[in-house]
Structures are given as structure tokens and as C-alpha cells.
Amino acid sequence: MRKAALLSALLLAAAAAVPAALQAAPEAPAAATADPEMAKVLADPRRDSDRVRDAFRHPAETLAFFRIKPGMTVADYMPSSGWYTRILVPYLGDKGQYIGITAGLATATGDTRTRLANFPGFFPGKVAGWTGVPAARIPAFTLDAVPAERKGTVDRVMIMREVHNMWPDNYLYNDLAAIRSLLKPDGLLGIEEHRAKPDAPASYTLGTMGYMREADVIALIEAHGFKLVAKSEVNANPKDSADWPDGVWTLPPVLTLKEKDRAKYEAIGESDRMTLLFAKRP
């Protein structure tokens, strides 16, 4: 109940802070500018098993919306199985820098704490196996242990389908503060998240079902030192009713119900998603 009350207050503040043009007319999706480097990365045989998801995740368009270019320094929050890692590492190139980051340990317990604590040790090796780039070139750290020399050096941070974990697991405050410290003064934060319907009840949108309301996500991020600068519908999926009793994992790629109605869920595809871009506030 305390979180729901806090969220209502944040929404009122966010409505006042978001420019009227953005409230009335979210940015329309635009085709990514022709980019031969991105086309080369997406066609790489190392991505053969990943490519089936491209039709739902629109990586070229999404990264173009986040204004990510070769040579930048990009931090990727909770990169998990590395779907975007295998795009970003080769795309950023030798002059760029990919950084793996994960949640800080302050609120983590048990197996989760162990997994997070082990991340800096095992993730660079995984990336080396995925991409062929030496592990020594892939820094990784938890957000409660940001190296001093990294602060203020990052062009972009990406949080891909993780806000629904950060909010109920109490990572949001500490991790967004650390992300702000990483970003350059003109750095940007790109977020993709499973999108609930605007009138979905709080009981369905506090993270445990995977879906969050777009207005709630904007309010939460802005309350932590950022300002919304653009929206995109590039990852929208109107086929997703976003009300599944088993949450977003009913849909691909998880398909938690296994063979039950599998053809139905595969025809729907992956979830409806908001794609948002925030600037670091002074």
C-alpha cells in the first residue's frame, strides 16, 4: 500500500514535469537510418539462434532510438543471457566500450545476492565466449561498486525489461543513483519495459506479473534524477492483451504454459513494450 501511495504522488509530479507535447503525442517510431555496421552485426552467424527474436525486439531501430553509435561507451544493466550483448560488443567496435552492470548488493539476500556478487567475475568470460572479444576488454561490476574512474564516463545506459524487477526488489533507488553517477552530463538512459494497459489495476502492475504502466515507469525514473526526452512505439505489440493470469511469461520466449495454447501465444508474439529515453537531470 505504501508503494501504491508513493506511485500516485510520483505520477502527479511526472504529469507536471513531462512537456505537453510528449504527453499528447508520443514520438512515432521511425525506421532506423541505414547502417551498414549494424546490418553486418545483425547478420553475423554468432547470432543465428538470436535472430528469431529480431522481429519482436527491433534491435536496429531500438538502438538508433537510444542514439547509440559505434565508438560510444554503453553500460548494459542485468544483461542476463546476453541477447543485446552479442549486438553491442561488435557494434561499438574497438574504439567503443561495452560495460556489464548489475544490481547492487544492498537489498539482495540468499542465492540472489550470491549470483549478483559473482557477476563481475564470470560475465567477462561469457562475453568472450559469445563474441570472441577478450574478457579483459569487458569490464563488469555491481552498482554498489562503481569504480571511481568510471563515473561520468558513460554515454548510454540501457535497462531492457528489468524495471519490473527493480521496483519490487527495492533496487530502484540505489541502482538509478549509481547509473546517474556513471553517465556523462549529456548521457542518456534507454529503457524498454513490458507495458500494461493504462487502466490496469495496481495489483497487476507492481512488477510481479512483468507488466508495468508506462505512466508509472516514467514517474519512477523521473523521481530518481532523470527527465523523459522521447518515446517510441517501435516495440509496441497491439496483439498483446497484457492481462495474462501467469503474467508476461505466458508469451514467447518463455511460454510458461509450455504446450497449452502454444500456437495462440506464438501468434501473439512477445509482449507489448514501451521504449523510453531519459536525460540525466543536473
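Proline 253 is placed in the loop between strand S6 (226-232) and helix H12 (262-268), helices (H or I, at least four residues) and strands (E, at least two) being DSSP runs numbered from the N terminus. A cis peptide bond, with omega of about 5°, joins proline 252 and proline 253. The model is predicted, so that local features need pLDDT of at least 70 and side-chain atom pairs count only at pLDDT 80 or more, whereas totals for chains, interfaces and linings use all residues. Residues are numbered from 1 along each chain as its sequence is written, and side-chain values use heavy atoms, with hydrogens and water left out.

The loop between S6 and H12 also holds alanine 242, which has a positive phi of about 55° although it is not a glycine. Alanine 242 counts as buried at 4% relative accessibility, where buried means under 20% relative accessible area, exposed over 50%, and partly exposed in between (1.4 Å probe, protein chains only). Arginine 67, in the loop between helix H5 (59-65) and S1, likewise is not a glycine and has a positive phi, of about 65°; arginine 67 is partly exposed, with a relative accessible area of 41%.
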